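Hi,

Here is the structure I said I'd pass on.

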Amino acid sequence: MKKALIASTALVLTAGVAAADVTISGYGRTGVIYYENTAAEDAAGVNESQVVGRLRMNIDAATSTDQGVDFGARFRIQWDQNSDDAGQLNAGKLWVTSNGLTVEVGNVDTAFDSAALLYASELGAFDRSFGNSRGAFFAYDADAYDNENYVGIAAKYEIAGVSVMASYVDPDQSGLNETGLGTSEEFGLSASYTWNDALELSAAAVMDGAGIEDNDQYFVGARYAVMPNARVGLNWIDNGEVLGLDLGNTVTLYGDYTLADGMTNIEAYVANNSADFNESDNAFGIGVNYDLGGARLGASIHRDYDELVTADMGVRFDF
Amino acid sequence: MKKALIASTALVLTAGVAAADVTISGYGRTGVIYYENTAAEDAAGVNESQVVGRLRMNIDAATSTDQGVDFGARFRIQWDQNSDDAGQLNAGKLWVTSNGLTVEVGNVDTAFDSAALLYASELGAFDRSFGNSRGAFFAYDADAYDNENYVGIAAKYEIAGVSVMASYVDPDQSGLNETGLGTSEEFGLSASYTWNDALELSAAAVMDGAGIEDNDQYFVGARYAVMPNARVGLNWIDNGEVLGLDLGNTVTLYGDYTLADGMTNIEAYVANNSADFNESDNAFGIGVNYDLGGARLGASIHRDYDELVTADMGVRFDF
Amino acid sequence: MKKALIASTALVLTAGVAAADVTISGYGRTGVIYYENTAAEDAAGVNESQVVGRLRMNIDAATSTDQGVDFGARFRIQWDQNSDDAGQLNAGKLWVTSNGLTVEVGNVDTAFDSAALLYASELGAFDRSFGNSRGAFFAYDADAYDNENYVGIAAKYEIAGVSVMASYVDPDQSGLNETGLGTSEEFGLSASYTWNDALELSAAAVMDGAGIEDNDQYFVGARYAVMPNARVGLNWIDNGEVLGLDLGNTVTLYGDYTLADGMTNIEAYVANNSADFNESDNAFGIGVNYDLGGARLGASIHRDYDELVTADMGVRFDF
């Protein structure tokens, strides 16, 4: 068996022996999140301010064949503060790519979760926003892989600013467990288009999200660079329904502005969600990120749909 | 403490600073396996075709001493589709090697499981064969390490085409758990010889396989290259017995033939097993592998001892 | 996202592109430990001699910012012979360092456990000593991370031979679990000074060790190089008390001597512990290590406070 050495792609390429390579990339982030208690949490004595943190490492292996087809695979190790250590090592994902088409099998990224702009209203070092989807759908599983017969297949095609993705998840391919919540097959689709680095368009849909029958969700979003250092975006999401509970539609207006120093980025959003169980239909937040070059300091403050205030401050670095 | 850097062996050696190095190697494979249902499975509604996949990464660390003795260790991360994520990170193996002699301690490869030719009749991208051993014996544990007091020791010696290996496994070295199934100490031995790249001979034995008393198993095999691009082999295996159930003897005739393109390899086997509980004494299979250079496409079709048909198609890549 | 390549720091630095790097370092050790049985263990049939081993791999990621601040993080994979495979992948630690000050968050090293000289009386390939602390305190958690709301913060400052460290551990930052054993917040402090490579001084204290109220522990130690190849040290430890059980004070006299070959190191200690439950107040041991260059052979023999004899022999290599 040919033994793959860990080395940088660059080094391997200059040596002219291409072959296989393995890389580790990821990020770390740490800081403090304050979240105003509900009356019940206050009575129980929950601490409103807690240290939070995440460490993610993706171990990626890839190999090229003589025919120009590339094969690869990923394991992810992820630890979140306030989680136990089960599920830190995630189920594998395998992929093959050729001529712009990539097919993934296993613990795949799904089309809806990967939709461009879906998370574009997130703020601060911890990427939090109440303008995100509230719906339930499958995604790359970065925690304990509870359902051992879960299988996902995804396909992605990119050409000239257009990106199209489809995904299919069978929560139990054994066929033995066909009833109950979350046992349906999920099908998702997303597409995005970028024009001239100025206009971004995105749309996505998912049927039977998270394997829940009739939990269909839809998304359209657009963002436009009104100035070289300022962007404005608008997202519309139908969050679907779970067990008869309608999660409403969400409309999120968001934008960001980079100061003249080129390192400070101010961001904000206002979101409206139509679900009946909200205390308030509106949530909003404002945040700031300061680029350290390789790392960023971030802070944000939000009010959620229960009219509770939450704020965070922290640092994130990528490697 | 000296900090070991991850770098390719080659690069370290050319730098002339030997020292320690860490590498990650392994393989990924994915595809579909069809397996004809038994009547009971049919009634339960089991899906006959399922997506299968495996991702294996071996993390190997090694260091050389001034005396010419090498030390090393391995962790393996392995994920199999349709397994939960417990046991993905396997127990460690440590080894020392000098002058052709290697000694392993911990989660070791065993002599019987490592016998040359034992798995030589396997077909396709998933390396499946009913001509394999049906017996129970210990091997490197790539799944959950259930018995925490399990310890293995193995020794391997190679010289001039001859390879000899012995292994010893104590399923519970604490000494507290000396009764019940699987608590005996297993002892295995194997030897192989290769002549002129044309003739391969192999033999192995294991006593108290898988820690089960009197579960002794034996194997002899030979393979000969009748043409530069065609080989024929014959394996004989006594599969031992478990709890009074005799698993019979297996005789497997197998061969492979590489087409003139040098990339397509046709393989086949016929196996006969004498166990009383078989529906049929014969199983057989035929398969093909197509070499992509760094990856291979494979397919195979088999009939098992219950006269059920199974087929697979998939891709495997090494890194 | 910038993709970090695994490569040696040295190689990256000579390439002059600093950025992020990931390294894997650690050690392996294996051998045999003999431990004389108590009467109860003898009756149960426990084996007195057992194979022991450990494999540790630290996966370290780090990145430098333009401002001269470094960020980094660590996962550790560790396997110990005679442990099951849960908890092999440890909770993450994140750190930031600048101008000699390092702050850690998450699964941190604690000040008391990191005190210089605290473990200086350890012998042989397995680093064992009855002159160590007998107290209970938090440390980097290299096994299952049971308490998911555990959080640690540590700060370390080094300048001109002086090193100062403080650590704080909250076993449950959720605030929901404030009663019972081990739920208090632990605070630790340590300081050390090295003069001319000849004199080492160290002191440390920990309040509410291991989250146990009033379990306060103290340590002072000193070591002096009486000759270039011989050192003598003295440690004093107040081991605190757990649930009203006083663990006594420990005084340990220890030393080591390197033979003229420069590779053989003889070590020994005598320890006195004042706890009431000891069979004998004195424990002692003598050991030897032989440097292979990249690995070491070691052996030691001890008598513990129950007057039982234990001995070990093994090899350890670093990578």
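Below is what I found in it.

First, this is a predicted model, where local features need pLDDT of at least 70, side-chain atom pairs count only at pLDDT 80 or more, and totals for chains, interfaces and linings use all residues. Residues are numbered from 1 along each chain as its sequence is written, while chains are lettered from A and ligands numbered from 1 in the order in which they are written.

Chain A on its own has 2 helices and 18 strands (DSSP runs numbered from the N terminus: H or I of at least four residues for helices, E of at least two for strands). Its C-alpha trace spans about 60 × 55 × 40 Å along the principal axes. Of its 319 residues, 46% count as buried, meaning that 20 or more other C-beta atoms, placed from the backbone, lie within 10 Å of the residue's own.

Now for the neighbour: 38 residues of chain A are in contact with 39 residues of chain C (C-beta atoms, placed from the backbone, within 7 Å). On chain A's side, the elements giving two or more residues are α1 (9-15), β1 (20-35), β2 (49-64), β3 (70-80) and β18 (309-318). The largest share, 7 residues, comes from β1(A).

How do the two chains relate? Chain A can be laid on chain C with an RMSD of 0.0 Å by a turn of 120 degrees and a shift of 0.0 Å along the axis (least squares on C-alpha atoms of residues with pLDDT of at least 70 in both). That is the relation of a three-fold axis. The copies use different surfaces, as 11% of chain A's contact residues recur in chain C.

Cheers

Methods
Contact = placed C-beta atoms within 7 Å. Buried ≥ 20, exposed ≤ 12 C-beta atoms within 10 Å, placed from the backbone.
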